[in-house]
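Colleague: I would like to learn how to read a protein model. Could we go through it feature by feature?

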Amino acid sequence: MLELLKLLMRNTLRHKLRSALTIFGIGVAVMAFALLRTVVTAWHAGVEASAANRLITRHAVSFVFPLPLAYRDRIAQVPGVSKVTYALWFSGVYIDKNQFFPRLAVDADTFFDVYPEFLIDKEQFETFKRERNAAIIGVEIARRYNLKIGDVMVLEGDVYPGQWQFVVRGIYQPRDQTTDPSTMMVHYKYVDERVRQEAPDRAGEVGWYIVRIANADDAAAVSAAIDKLFENSRAETKTETERVFQQNFLSAASAVITAMNIMSFVIIGIILLVLGNTMIMSARERTHEYAVLKTLGLSGTKLFSLIAGESLILSVLGSAVGLLATFPAVEGFQRALPKGWFPVFYVKPQTILVAVISGLLVGLAASLIPLRRIVATRIVEGLRHVG
């Protein structure tokens, strides 16, 4: 076995430049594959973070239209509903328009019960509940803008005009990797009080309801019951699972995501072509050597070990180089993007696993064509060959 490994390494390094370029080419392709898969993962982060026992109730026409706050108590009475909260897209400009992160006005008493994945210190939360102009921000926002408890965030309103000052009273940690660490939450009641004074026709409106149900299997029945309550009203509703709600947001970009999915696997084919070309050239150059080995009685299995072993060494080394380059590439890509585009952006273990398995399979596949040629070549023809 040791002798075989030594022979494989000598064969691999016989043409150092060609082997190095092949490894580099595979590495670039693997890095591109992992980066594309990471972007696709980031697009679907909201879907993966969805809870099976949460429903979203929004306006039946479009998400941009508000719903009356009065719907809350009626939804809470629907059988199967265990908790109801609501949120409002506050928006606003912080520093400048390039600084994007979700800014929501929420019900402080119920929102964090329905979203237990937002982990916050109990004392900080109690302070937040007491102060009307308090805000809770994600740890990523605090890190990005060097904010701490007690700092004031000044937002210039767009959806709700005017200058708004919020005091940071809590910084939450995400419970899971798929939990958004960059959301800002303020008191709905504080926003609504000011709206009542400045734009009374917009008061008492919420963006959407988040409904926690007792049994996830009852999602369809509960959704239908909620929507039936508001049939033929001035603001009919559409209730769906949180997962479906998130998927609908992605539907506008579905063509782009599909294209990226396809491209990521096309790259696997590129790796196969690069490695296959190297192995074909290598086998052609060694036709005479393989003929000598066949004359000495070397079996087809051992010939396969020589060719496939060299191919696997190149593919494994190339995949390793690509995966090592993936992490700085992903970090650099995230930094280059406008802030807030992908709040959840990380390389999934599944991506690494697929890259590794693909590298091994490509290594084996790339050895089949030259192996077939060597096995099919007669010894006499092989001995006559001049490579």
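Colleague: Which helix gives the largest share of the nonpolar patch?

Modeller: Start with the idea. Patches are made of residues with over 30% relative accessible area and no salt bridge; like charges are joined within 9 Å, and nonpolar side chains (Val, Leu, Ile, Met, Phe, Trp, Tyr) within 5 Å. Here the largest share, 4 residues, comes from helix H14 (residues 349–366). Helices (H or I, at least four residues) and strands (E, at least two) are DSSP runs, numbered from the N terminus. The patch is formed by Phe304, Leu353, Ile357, Leu361, Leu364 and Leu368. Together they have about 540 Å² of accessible area. Such areas come from the Shrake-Rupley method with a 1.4 Å probe, and for residues only the protein chains shown count as cover.

This is a predicted model, so local features need pLDDT of at least 70 and side-chain atom pairs count only at pLDDT 80 or more, while totals for chains, interfaces and linings use all residues. Residues are numbered from 1 along each chain as its sequence is written, and side-chain values use heavy atoms, with hydrogens and water left out.

Colleague: Is Leu353 buried or exposed?

Modeller: Learn the cut-offs. Buried means under 20% relative accessible area, exposed over 50%, and partly exposed in between (1.4 Å probe, protein chains only). Leu353 lies in helix H14. Leu353 is exposed because its relative accessible area is 51%.

Colleague: What about the whole chain?

Modeller: The chain has 387 residues, and 46% of them count as buried. Its accessible surface comes to about 19,600 Å², with 61% belonging to carbon and sulfur atoms. Its secondary structure comes to 16 helices and 13 strands.

Colleague: Which strands pair with S9?

Modeller: Two strands pair if DSSP finds at least two bridges between them. Strand S6 (residues 118–119) pairs with S9 in the antiparallel sense, over 2 bridges. There, Leu119 has Gln173 as its bridge partner. Strand S7 (residues 134–138) runs parallel to S9, joined by 5 bridges. Strand S8 (residues 152–157) is antiparallel to S9, over 6 bridges. Val154 faces Gln165 in S9. S8 and S9 also form a hairpin, with 4 residues between them.

Colleague: How many residues does the largest nonpolar core have?

Modeller: In soluble globular proteins, nonpolar side chains tend to be buried together. A nonpolar core is a set of buried Ala, Val, Leu, Ile, Met, Phe, Trp, Tyr and Cys residues joined through side-chain atoms within 4.5 Å. The largest one here has 43 residues. Ile137, Met153, Phe166 and Met184 have the most contacts inside it. A second, separate core has 19 residues, including Leu104, Val114, Tyr115 and Phe125.

Colleague: What does Phe166 contact?

Modeller: Contact means heavy atoms within 4.5 Å. Leave aside neighbours within four places in sequence. Phe166 is then in contact with several residues, among them Phe90, Met153, Leu155, Met184 and Tyr190. Now look along the chain. Among contacts between residues at least 6 apart in sequence, 80% join residues at least 24 apart.

Colleague: Is Arg58 buried or exposed?

Modeller: Arg58 is found in strand S1 (residues 54–59). Arg58 is buried, because its relative accessible area is 11%. Not counting residues up to four places away in sequence, Arg58 touches Phe63, Leu67, Glu236, Thr237, Lys238, Glu240 and Phe245.

Colleague: How many salt bridges are there?

Modeller: A salt bridge is a side-chain nitrogen of Lys or Arg within 4 Å of a carboxyl oxygen of Asp or Glu. By this rule the count is 12. In one of them, the side chains of Asp113 and Lys83 meet at 3.6 Å, N to O. This pair links distant parts of the chain, 30 residues apart: Asp113 is in helix H5 (residues 111–114) and Lys83 is in strand S3 (residues 81–89).

Colleague: Why are Glu198 and Arg194 separated by about one helical turn?

Modeller: Because they are 4 residues apart in helix H8 (residues 188–198). Glu198 and Arg194 form a salt bridge, with the closest N and O atoms 3.1 Å apart. Glu198 is exposed, at 52% relative accessible area, whereas Arg194 counts as buried, at 19%.
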